[in-house]
Amino acid sequence: MTTLRPERYSALAIILHWAIALLLLFQIGLGWALEDLPKGAVQFSGYQFHKSVGIAILLLSLLRLVVRLFKARPAPVQDGRAQMLVASVVHVLLYAVMIVGPLTGWIIVSTAKVRLQTMLFGKVPWPDLPVGQAWHEPAEVLHGALGTVGMALIVLHVAGAFYHHFKREDVIGRMLPAAIRSHGAIGAAGFAAIALGAGALICGLFLSFSGNKSPAAASPSEIASETAAEVPGEDPSAPASSEPAVAESAAATAAKANPWKLEKGGRLGFAAEYSGEAINGSFSRWDATIIFDPEDLPGSSIRATIDLASVDSGDSQRDDMLRSDSFFGVGAHPTAQFISTNIREMGEGRYVANGTLSLHGQRKPLALRFALNIIGDKATATGNATLQRLSFGVGESEWSATDQLKDAVSVSFNIKATRQAP
């Protein structure tokens, strides 16, 4: 290890310092707000995003520690013994918060009774730690305290930087881009950095309370439009002759079928049976793209996308279980999707849409029966379908016994829609 002391920190150290600082402030704000989020899909999405940001902080902090240990850095500014001791303790504790905070969160996730696959920003699977249940409660207590401790340390760290700044010692400038050299510019940049940090904290709080547009809580229609070729269980490289492609092609070339827009107030529900007791639930976030005309059924099609994290069965613990890897596995498979391949008339105002349901990484045929009443440009539809949960890998392992939890699950819907101009 070299003993040469540069005047400034390396470019990599500077980038890591500010990236971690902003992420940490954001994460603390997000963590404080999570418990106050509405129960259900919004809170679930907030926790999923919180986990992703935490792992990002952990990885960046470990890299920052390696850079600090093996890359030459400026010498500490000389000061009184007490001041230098406080500065060293604050630095050490900040690294502890940056590393122990995410680690305790990782332990909490790994030892939770309801296991959910962690997907970093909804894309990369992240494993659980091989630790026992006894670690859960201590990790939870420590993790909760580290938010407040972290904010206190950040305040002390910033106060120390300004203490040296007002003593006309260029401490802040060593951790700023090289282009900022004059003392006045460094002061302005320091205040700008504080403003950015405060902005990140406020942003975390705002994102938590709004809860509608975080990456993990995108609406089903947004998910469908952005990842139409990445439906769970589908092969994006499938040939053009695949069934969904045929349905879409027919819809695109239809001469009569018109698009329909769903009205608010529709319901998508499900019913299952456990130990002789009926379990009824619904999904609060779902959407459908409908192209339909009774006189042009070959040119009609249905594509419905469901946000599985929005499940509501009237019991929050049961909902968490349904979101877990034992059932929907929403970390790896956040949506289910039905795509029709053909629609047939079964009688006056009655139809069946044959298609495929993508759920839990599996694609299986599904027949969706529905009754339709069209008056002018308004339509009302009610329908149902029955699926076998085990064929989709839903509720396997300890839940695979069908004497308690029946294999058959019925799905029903009630919607209203308005015809759109072609």
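I take a contact to mean heavy atoms within 4.5 Å. With that, I looked at the contacts in the chain with a separation of 6 or more: residues 24 or more positions apart account for 67% of them. The model is predicted.

**Overview.** I counted eight helices and 13 strands in the chain. Of its 422 residues, 43% count as buried. The exposed surface comes to about 22000 Å², and carbon and sulfur atoms supply 62% of that.

**Cores.** I looked up the largest nonpolar core and found 44 residues. Those that touch the most other members are Phe283, Phe292, Leu308, Phe328, Ile343, Leu359 and Phe370. A second, separate core has 19 residues, among them Leu24, Val53, Leu94 and Tyr95. I then checked Leu308. Beyond its neighbours within four places in sequence, Leu308 contacts Phe283, Phe328, Val330, His333, Pro334, Thr335, Ala336 and Leu359.

**Aromatic pairs.** I found eight aromatic pairs. In one of them, the ring centres of Phe26 and Phe49 are 6.1 Å apart and the planes stand at 90 degrees, so I noted the pair as edge-to-face. Phe26 sits in helix α1 (residues 11-34) and Phe49 in helix α2 (residues 41-70), so this pair ties together parts 23 residues apart in sequence. Both Phe26 and Phe49 are buried. Ring pairs also link Phe26, Phe49 and Phe121 into a cluster.

Next I checked Phe270 and Phe283. Their pair is tilted, with 5.5 Å centre to centre and 45 degrees between the planes. Phe270 belongs to strand β4 (residues 267-274) and Phe283 to strand β5 (residues 277-283), so the pair ties together parts 13 residues apart in sequence. Phe270 counts as buried at 12% relative accessibility. Phe283, at 11%, also counts as buried, because the cut-off is under 20%.

Methods
Residues numbered from 1 in each chain as written. Predicted model: local features only at pLDDT ≥ 70, side-chain atom pairs only at ≥ 80, totals over all residues. Heavy atoms only, no water. Core = buried A, V, L, I, M, F, W, Y, C linked by side-chain atoms within 4.5 Å. Buried < 20%, exposed > 50% of the residue type's maximum accessible area, 1.4 Å probe, protein only. Helix = DSSP H or I, 4+ residues; strand = E, 2+ residues; numbered from the N terminus. Areas by Shrake-Rupley, 256 points an atom, 1.4 Å probe, with all protein chains shown as cover. Phe/Tyr/Trp six-rings, centres within 6.5 Å; stacked < 30°, edge-to-face > 60°.
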